[in-house]
Amino acid sequence: MKIWVDADACPVAIKEILYRAANRTEIELTLIANQMLRVPPSPWIKALQVPSGFDVADRRIAQEVAAGDLVVTADVPLAAQVIAKGAVVIDPRGELLDKGNIQERLSMRNFMETLRNTGVETGGPASLSAADRQAFANQLDRLLSGSR
């Protein structure tokens, strides 16, 4: 198992949880972003910068991921791609995305995008709360303990 992170929009608090988990479990963690990232020195953690552009980081993750890997992303289309390849996905709020719920999430995302394109103000996601960080850490621990 490897952990892949769609790191451009991943909150710092979530990255810190991932750094600790990678070192504790000795599972390879790769953060992929359009910008240079600083990561702690560790044989288990690396950052990969991809060229700027729409969905370049997403395409790289989808290309590299393998069945059984874990992907951390809030990007629903990317989640659908990697789930189709047999990967497991959790979003930064700790929600597990899988074959059972990804189609519903894609439909909702597409509906909201249609609303935004017609000028409807839909607002953005709420700020990441302490409860969200805890939910993410708990879900990550469940997934990693099942893989070892």
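Helix α2 passes helix α3 in a right-handed crossing, meaning that the near helix is turned clockwise from the far one by less than a right angle. The model is predicted: local features need pLDDT of at least 70, side-chain atom pairs count only at pLDDT 80 or more, and totals for chains, interfaces and linings use all residues. Residues are numbered from 1 along each chain as its sequence is written, and side-chain values use heavy atoms, without hydrogens and water.

**Exercise 1.** Describe how α2 and α3 are oriented and which residues touch.

Step 1. The axes of α2 (residues 56–64) and α3 (residues 76–84) come within 9 Å and cross at roughly 10°.
Step 2. Therefore α2 is roughly parallel to α3 (angles under 35 degrees).
Step 3. Asp58, Ile61 and Ala62 of α2 meet Leu78, Gln81 and Val82 of α3, contact being heavy atoms within 4.5 Å.

**Exercise 2.** Locate the salt bridge of Arg24 and state how exposed each partner is.

Step 1. A salt bridge is a side-chain nitrogen of Lys or Arg within 4 Å of a carboxyl oxygen of Asp or Glu. Arg24 pairs with Asp141 at 2.9 Å, N to O.
Step 2. Arg24 sits in helix α1 (residues 12–25) and Asp141 in helix α5 (residues 130–147), 117 residues apart.
Step 3. Arg24 is exposed at 53% relative accessibility, while Asp141 is partly exposed at 37% (buried is under 20%, exposed over 50%, partly exposed in between; 1.4 Å probe, protein chains only).

**Exercise 3.** Which parts does the Lys46 and Glu28 salt bridge tie together?

Step 1. The side chains of Lys46 and Glu28 meet at 3.7 Å, N to O.
Step 2. Lys46 lies in strand β3 (residues 45–49) and Glu28 in the loop between α1 and β2 (29–33), so the pair ties together parts 18 residues apart in sequence.

Technical notes:
Axes fitted to C-alpha atoms, helices over the stretch in contact; angles between N-to-C directions. Helix = DSSP H or I, 4+ residues; strand = E, 2+ residues; numbered from the N terminus. Parallel < 35°, antiparallel > 145°, perpendicular 65-115°, else oblique.
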